[in-house]
Amino acid sequence: MRHLLSTADLSSAEATAILDVAEEMHDVQSRPVKKLPTLRGKTIVNMFFEDSTRTRTSFEIAGKWMSADTINVSAKGSSVSKGESMRDTMLTLDAMGVDCFVIRHPSSGAPRQAAGWVTASVINAGDGQHEHPTQALLDAFTLRRHFRETADGEFAGKRLVIVGDLLHSRVVRSNVLLQRTLDAQVTLVAPPTLLPTDVETWGVRVTQDFDAALADADAVMMLRVQRERMSGGFFPTAREYAENYGLTAERLHRLRPTTAILHPGPMNRGVEISSEAADATASRVLDQVSAGVAVRMSVLYHLLGGGEGNR
Ligand code: CP
């Protein structure tokens with residue numbers, strides 16, 4: 001594996017291998033000295049052309065804990081702000097001998113384009129409304145741990161309900177592709193205005209009946225309402241949205257005790273998720289954040305060739 005651009009590129013065996021190595025990496029997080037020699041001598045450049053807290057920080061931590069040299073580049077403060085094209089910026093940094101670019105970009109497809117320009121590996125850290133593959137992998141890691149605690153630990157047949165702003169979400173696209181590969185049953189819930197036009201071709205169940213979908217869910221993933229990508233009125237008011245499509249305190253109390261609650265973050269408390277649900281015992285939100293470091297360590301390990309016995 002040279003790049004990670006889409007979860008569609010991962011077979012079930014490849015995805016499982018990433019999750020398995022992430023289990024080992026997760027143990028490093030609880031050690032007093034969080035340092036592995038695995039990526040000594042490797043250089044990773046985080047190029048974030050869009051805001052991020054979780055993804056950028058966890059990639060940086062992952063690289064540092066594996067002894068790589070990590071450098072952060074943003075549009076502001078680089079020559080991109082002087083009008084340099086992304087291609088010229090990538091070629092410039094590639095010529096310095098970089099081993100891996102981690103790219104977040106507002107344009108769908110930008111990381112795949114970049115992968116065609118450079119000799120280094122490229123990881124898609126979220127591109128526009130397209131994909132966010134490491135988010136889907138950390139979600140799968142969190143879910144697998146939950147299924148091990150509450151059931152047989154398998155994805156096959158598990159019911160994952162994903163709710164909210166599907167239209168603008170790269171998280172839902174990567175999750176649908178990965179969860180289908182892992183044989184989970186995915187149900188999507190959204191108001192008609194926030195459904196992608198091609199959703200019927202995704203091969204998953206789509207409904208507006210949130211309460212019916214919740215009744216037998218093994219896990220529910222709430223998606224952020226992405227106001228920054230909305231140019232018009234996609235729903236009347238935030239209050240009405242919360243009533244119809246939010247994980248309210250009332251819906252929380254109707255969940256089965258074994259239903260996990262996920263949210264990729266950042267959360268709009270009181271809109272797609274109530275504080276009661278975000279902070280509930282069933283909430284896996286902070287487990288997802290923790291998994292983000294382990295999964296990104298595993299992805300870097302797979303791409304930059306740690307080798308057996310080197311972790
Ligand atoms: N989930 C996620 O991608 O969060 P950030 O935007 O903070 O990286």
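**Close-up views of a predicted model**

**View 1. The salt bridge of Asp279 and Arg269.** Asp279 is exposed, because its relative accessible area is 54% (exposed means over 50% relative accessible area, buried under 20% and partly exposed in between, with a 1.4 Å probe and protein chains only). Residues are numbered from 1 along each chain as its sequence is written, and side-chain values use heavy atoms, with hydrogens and water left out.

View 2. Helix H5, residues 133-150, has 18 residues and reaches 25 Å from its first C-alpha to its last, close to the 26 Å expected at 1.5 Å a residue (the expected span is 1.5 Å times one less than the number of residues; helices are DSSP runs of H or I with at least four residues, and strands are runs of E with at least two, numbered from the N terminus). The helix is mostly covered, since 14 of its 18 residues are buried. Arg144 forms a salt bridge with Asp20, with 2.9 Å between the closest N and O atoms. Arg144 is buried at a relative accessible area of 6%, whereas Asp20 is partly exposed at 36%.

**View 3. The aromatic pair of Phe147 and Phe155.** The structure holds three aromatic pairs (rings of Phe, Tyr and Trp, the last by its six-membered ring, pair if their centres lie within 6.5 Å; planes under 30 degrees apart count as stacked, over 60 as edge-to-face and the rest as tilted). The ring centres of Phe147 and Phe155 are 5.9 Å apart and the planes stand at 85°, so this pair is edge-to-face. Both Phe147 and Phe155 are buried.

**View 4. The surroundings of Val163.** Val163 lies in strand S5, residues 159-163, and is buried, with a relative accessible area of 0%. Leaving aside residues up to four places away in sequence, Val163 touches several residues, including Val189, Phe210 and Tyr245 (contact means heavy atoms within 4.5 Å).

Methods: Predicted model: local features only at pLDDT ≥ 70, side-chain atom pairs only at ≥ 80, totals over all residues. Salt bridge = Lys/Arg side-chain N within 4 Å of Asp/Glu carboxyl O.
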